[in-house]
Amino acid sequence: MADSTSIPSSSVVLVRDLAHGGEGIGRSEDPSETRVWFVEGALPGERVRVALDREHKRWLRGHVVEVIERSEVRVEPPCPLADRCGGCSWQHVAAGAQAELKRGIVASQLRKLEVTIGPARASPSPLGYRRRARLHYRKLDAKTLELGFYGHHTHDIVDHPHCPVLAAPLDWGLQRLREWVQWLPADGEVLGLCNEHEVVLGLPGVRHSDEFEAAIRATIDRSVASDGPQLSGVQLRGGREHVGVGRTAIELDAKDSLPPVVQGPFTFSQAQREQNEALVEHVMTMARVNETRVLELHAGVGNFSRALAR
C-alpha cells in the first residue's frame, strides 16, 4: 500500500470512461499523480472533486463530493435516498442515456476480442420495473424495525417505506414485514417476487409458529378481499425446517402460446418482465437464424427451455 499521507483529502479528477460496476475512470489534474482514479458517482466528461476512500500503488478509489463540470446526462435522482441507499446506482443518469453507457462498459470489457457490441435495449420504464428484490431488516424494539437495502459500502440499513424502483405489488408486499415484527429474529433478510398482482415472500432463518402462521394468513385474507396487490404466500426457512404458508409460487412470463414458469422467492428470475421477454426472443431468433442445436446448461426453472423446446 502507498503512503496515504501523500494524497490530499480531495482531488480534482477529469473523468473519461466508466469501469465495470459503473465507477468513473479518470486522472487527477495534479500532474505529479499518475495513478488512475476510480470514482463512484462520476460520469464521462465530468470534472469532479473527489474524496479519497482507498489507494493502491497503481490506482486510487474515491467518491464525488462536488461536480465542477457536469455531464449533460446527469439528472437529479428521482429517489430522495439515492445518495445513501445501495439498492441502485444509476439514478443520477438520465434514463435514456443509461443503456448506451452500459453498452460502452461491455464493449470496453471485450475490447481485446473481435466482437461487435450492438445497441443496448433500454428498459421501457426507469421506475417501478423491478419484480424481484432482497431487503434487509433489523429490529429496533419489540414493535418496529428498519427495512431496506444496505447503504453504499456499508451494512447500515437505509430504511424506506416506499422504493420507487420496485414494482408496486412487490413494494407493497415487502412492507408487510413490518406487521410481523414480534415473530422475527433480531436481524435478517426478506426475499420478494411478484407478477402483475401477486406477491410471494421468503424468510430465511425464520422459524414457523402457529401464531406467526395465523398472522400471515390474516394478511393474505385481507389482501385477497381488497382491490390491491395480493400476498399469495410466505415461505419460512428456519434451520432445517421449510414451511410454506399459503401458495408460495406464482406464474411468470406467460405470453401468447408460451407457457409460464412457476417460481418462488428463493429461485432466480430476471428482475424485469419486459426485458426478459426481449431476452428470450433474442435467444430464439439466434437459434432460428443459425439453425443449430442448442445446449442449455444451468437451465434453472426453464426460462429458455419452455421456448426452445417448441
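Predicted model: local features only at pLDDT ≥ 70, side-chain atom pairs only at ≥ 80, totals over all residues.
Me: What is the strand order of the open sheet of seven strands?
Reply: The order is 8-7-6-9-10-11-12, and the pairing is mixed.

Me: Which strands stand at the edges?
Reply: Strand 8 (157–159) and strand 12 (241–246) do; each has a single partner strand, so one side of each is left without a neighbour in the sheet.

Me: And the twist, what does it average from one strand to the next?
Reply: The average is 30°.

Me: How many bridges join strand 6 to strand 9?
Reply: Seven bridges link strand 6 (residues 132–139) with strand 9 (residues 187–194), and the two run antiparallel. Within this pair, Arg-134 has Leu-191 of strand 9 as its bridge partner.

Me: Which strands does helix 2 lie across?
Reply: Helix 2 (residues 168–175) lies across strands 6, 7, 9, 10 and 11, and runs at about 150° to strand 9.

Me: What about helix 3?
Reply: Helix 3 (residues 210–225) lies across strands 10, 11 and 12, at about 160° to strand 11.

Me: Back to helix 2. Is Asp-171 buried or exposed?
Reply: Asp-171, which lies in helix 2, has a relative accessibility of 8%; since buried means under 20%, Asp-171 counts as buried.

Me: Which residues does Asp-171 touch?
Reply: Leaving aside residues up to four places away in sequence, Asp-171 touches His-162, Cys-163 and Leu-166.

Me: Changing topic: what is the volume of the largest pocket?
Reply: Its volume is about 1,300 Å³. Of its 39 lining residues, Lys-102, Arg-121, Ser-123, Gln-272 and Gln-275 are the closest to the centre.

Me: Which elements give two or more residues to that lining?
Reply: They are helix 1 (95–109) and helix 4 (273–290). Helix 1 supplies the largest share, seven residues. By class, the lining of the largest pocket has 19 nonpolar, 14 polar and six charged residues.

Me: How far apart in space are Arg-121 and Asp-171?
Reply: Arg-121 and Asp-171 are 25 Å apart, C-alpha to C-alpha, and 50 residues apart in sequence.

Me: Which residues lie nearest the centre of the second largest pocket?
Reply: Glu-40, Gly-41, Ala-82, His-92 and His-152 do, out of 28 lining residues. About 640 Å³ of space lies in this pocket, and strand 5 (residues 59–69) gives the largest share of the lining, three residues.

Key. Residues numbered from 1 in each chain as written. Heavy atoms only, no water. Pairing = 2+ DSSP bridges. Helix = DSSP H or I, 4+ residues; strand = E, 2+ residues; numbered from the N terminus. Axes fitted to C-alpha atoms, helices over the stretch in contact; angles between N-to-C directions. Contact = heavy atoms within 4.5 Å. Buried < 20%, exposed > 50% of the residue type's maximum accessible area, 1.4 Å probe, protein only. 1 Å grid on protein atoms, 1.4 Å probe; cavity = no way out; pocket = protein on both sides within 12 Å on 5 of 7 lines; lining within 4 Å. Points joined across faces, edges and corners; volume = space filled by probe spheres on them. Nonpolar A, V, L, I, M, F, W, Y, C, P; charged D, E, K, R; others polar.
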